[in-house]
Amino acid sequence: LFGIRIDSDKKNYKVKYDRRTYSDIVLAIGLNNALIDGQNLDDSPYKIGGSRFFEMGVQWRTRVFDNSNFLRFNYGFSFQFNGLKPKDNQYFVNNSGQTELQEFEFDLDKSKLRMDNLVFPVYLEFGPSKVNKTDTTIRYNIYRKFRVGLGGYGGFNLGTRQKLKYEVDGDKVKDKLKRGYNSPNFIYGLSAYAGFGGTQLYVKYDLNPLFKDALVEQHNISVGLRFDLD
């Protein structure tokens with residue numbers, strides 16, 4: 001005879017008194033663009049409202065000091081998807097090692113370049129918290145508390161692709177181009193967030209150039225909302 005024994009005796013189960021590390025799922029979404037040397041953002045060749053980013057990942061949040069939760073060390077990994085939509089019926093081409101915008105021969109319904117990155121963010125997070133103590137546990141709760149995170153990220157470009165939609169003689173055409181757009185292999189930058197509870201304003205800026213060996217450097221910048229999901 002075979003059976004399963006369920007032991008309901010919980011006397012040997014010990015609740016951890018001081019939980020210093022928590023984990024969250026992180027999502028972020030917002031507007032994406034590029035800062036170009038010698039130009040203002042108003043002069044950007046990319047659509048302000050049409051260029052967007054999305055980010056998702058996992059983070060761990062560890063209290064730094066023994067008896068205070070005001071300073072936390074956040075770390076984890078995220079997948080970033082940065083999109084750029086050119087203006088004026090343009091698309092990206094690799095011209096003798098230079099990635100540049102050129103006018104397309106047909107009227108484009110859609111032109112979008114997407115860069116997929118795997119990065120490892122690190123933050124110092126500041127902010128108050130509520131202390132919940134019992135005879136067996138101590139917990140620090142930051143629910144609905146103001147928090148600020150300052151840090152950066154480093155990682156790798158997983159791929160860069162371009163999507164074009166247009167019509168030729170009444171026929172709809174969709175091109176998905178995955179070519180050498182001179183994207184850097186290593187991605188690194190600065191990022192910060194501030195807000196209440198699980199919702200924060202979020203900004204990130206790539207210190208690496210958007211395209212390698214470019215005559216005029218461009219740097220990806222993103223602004224949006226960040227959500228921590230317990």
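Strands here are DSSP runs of E with at least two residues, numbered from the N terminus. This is a predicted model: local features need pLDDT of at least 70, side-chain atom pairs count only at pLDDT 80 or more, and totals for chains, interfaces and linings use all residues. Residues are numbered from 1 along each chain as its sequence is written, and side-chain values use heavy atoms, leaving out hydrogens and water.

Start by selecting Asp24, in strand S1 (residues 21–36). Asp24 is buried, at 4% relative accessible area (buried is under 20%, exposed over 50%, partly exposed in between, with a 1.4 Å probe and protein chains only). Arg61 sits in strand S2, 37 residues from Asp24, and both partners are buried.

Next, pick Asp18 and Arg63, another salt bridge, at 2.8 Å. Asp18 lies in the segment before S1 and Arg63 in strand S2 (residues 52–63), so this pair ties together parts 45 residues apart in sequence. Asp18 is partly exposed at 24%, whereas Arg63 is buried at 3%.

For a network of salt bridges, select Arg72, Glu125, Arg147, Arg226 and Asp228.

Finally, show the largest nonpolar core, which has 16 residues (buried Ala, Val, Leu, Ile, Met, Phe, Trp, Tyr and Cys joined through side-chain atoms within 4.5 Å). Tyr46, Phe92, Phe104, Leu164 and Leu210 touch the most other members. A second, separate core of five residues includes Phe53, Tyr123, Tyr193 and Tyr202.

Technical notes:
Helix = DSSP H or I, 4+ residues; strand = E, 2+ residues; numbered from the N terminus. Salt bridge = Lys/Arg side-chain N within 4 Å of Asp/Glu carboxyl O.
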